[in-house]
Amino acid sequence: MNSKFLAIIGLQWGDEGKGKVIDALKGEYEVGIRFQGGANAGHTIFREKEKIILHQIPSAILCQEKEALISCGCVLDFSALDREIEELKKRNIEIEGRLFIDERTPLVFDFHKEEDILEEEKSRKNKIGTTMRGIGPAYRDLIVRKAVKVGDFKDLDIAYKKFKDLWEFASEIRGARYGRPMKPYKDLFDKNLELFKKLRGFLADGILYLKKKEEEGKRMLFEGAQGAMLDVLLGTYPYVTSSHTVSGSISLSTGIAPWKIKRIIGVSKCYTTRVGEGPFPTEESSEIGELLREKGQEFGATTGRPRRCGWLDLPLLRYAIRITGATEIIMTKLDVLSGIEKIKVCTEYEIDGEKFKFPPPLAYELYKVKPIYKEFEGFELKEKDENLMKFLGFVEKEIGIKITHISTTKGEELIKLV
Ligand code: IMP
Ligand code: MG
């Protein structure tokens, strides 16, 4: 389907291969936009055998003729962004005049990251397994109306006052809950002010920037980070990230109305992975899990943690398609399943002797479901392989939307199916 506005959304717990899909679709858009999340994301892209990992900057930055916007639905870490820009410069990627940051974007400070670590230590048994990038504390401060926005730094007095206010707020939480003092605010303020001066040229009113781009007829790609099951409201709460990862979140932070976004590509692996804690009904802790991890190189792009691995889960996929409004699917990493003798797909859950096609609403209930599997004969990754077609055809029929492309771990191209 042709649409000026294209969204790429993960349908699992992140790491579906969105980065690679976006890269393969580079002919389809001129402006790339990140609309949620922060440096917790890690989008891995292979360029001439070289591995590039982007955290906060949209993948569009890798194509010289495209522009990239970090919209206000994100949370921005100046020091992480500075490092990312340095990495790009090392590769001779020119970013001046191509990268834009919405001034409304809330900032992540060092104390947010420290709190992330302290909270995980304190919770231990109930920990979330976060990426320790300060995402939860930064979004909390946005919601309680204490956040410092990127654009606040344009006015030194405003920035200083707001920063001090936030620092005091965070400091009280720190003292009461963790009994640890924070580093002096002056140093941290100065550090961020210096970074701001370096980044100042990238500031924009993101809403008006996109209005102008729309009027110029530019095609846009909204680049999802994480995945539907990590959405703070609709995912496996509390084992989620702190932003809205579903497509509805695009309109909130860009001013592009929901009805304009007609093509929503859901990305799913042909098996399932998850990093961090939380329920995972089809997880395989046996050899097969190990095999998937090794073959698929399933280690976190941001933290290097081994990912938990298991079979494809159709109840979760049906639900993810529902909450994201995905209009088609691109299925990734088919090479990983290829050559495995018997492949399983979870078709339904059993709960107290009853069968369900969708997951229960709460995470504690998802822990208790028993996956029901259908077994498939293994396939080889070659054109029109009969067993591969059977596998894909079955999944398509079960989820109700087309799998338009498949892809492999290292291949740069998508393989068209319809
Ligand atoms: P946070 O986003 O760092 O707060 O982490 C919350 C949960 O989301 C943890 O389970 C993380 O492992 C997971 N998570 C966050 N970002 C990503 C990502 O980009 N890929 C996969 N999982 C992620
Ligand atoms: Mg990732």
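Pro-238 sits in the loop between strand E8 (220-223) and helix H8 (248-254). Those labels are DSSP runs counted from the N terminus, where a helix (H or I) has at least four residues and a strand (E) at least two. The peptide bond leading from Tyr-237 into Pro-238 is cis, with omega near 5°.

A quick word on what you're looking at: this is a predicted model, where local features need pLDDT of at least 70, side-chain atom pairs count only at pLDDT 80 or more, and totals for chains, interfaces and linings use all residues. Residues are numbered from 1 along each chain as its sequence is written, chains are lettered from A and ligands numbered from 1 in the order in which they are written, and side-chain values use heavy atoms, leaving out hydrogens and water.

Next come two aspartates. Asp-15 isn't a glycine, yet it has a positive phi of about 60°. Asp-352 isn't a glycine either, and its phi is positive too, at about 45°. You'll find Asp-15 in the loop between strand E1 (5-10) and helix H1 (18-24), while Asp-352 lies in the loop between strand E13 (342-351) and strand E14 (354-356).

How open are these places? Here, buried means under 20% relative accessible area, exposed means over 50%, and partly exposed is in between (1.4 Å probe, protein chains only).

| Residue | Relative accessible area | Class |
|---|---|---|
| Asp-15 | 23% | partly exposed |
| Asp-352 | 81% | exposed |
| Gly-325 | 35% | partly exposed |

Gly-325 belongs to the loop between helix H10 (314-324) and strand E12 (328-332). Leaving aside neighbours within four places in sequence, Gly-325 is in contact (heavy atoms within 4.5 Å) with Ser-247 and Ile-264. Its C-alpha atom is separated by 9.5 Å from that of Lys-262, 63 residues apart along the chain.

Now for the helix pair. The axes of H10 and helix H13 (residues 386-399) come within 10 Å and cross at roughly 50°; axes are lines fitted to C-alpha atoms, for helices over the stretch in contact, with angles running from 0 to 180 degrees between N-to-C directions. So H10 is oblique to H13, oblique being whatever is left after roughly parallel (under 35 degrees), roughly antiparallel (over 145) and roughly perpendicular (65 to 115).

Which residues of H10 and H13 make the contact? From H10 come Leu-314, Leu-317, Arg-318 and Ile-321, and from H13 come Phe-394, Val-395, Glu-398 and Ile-399.
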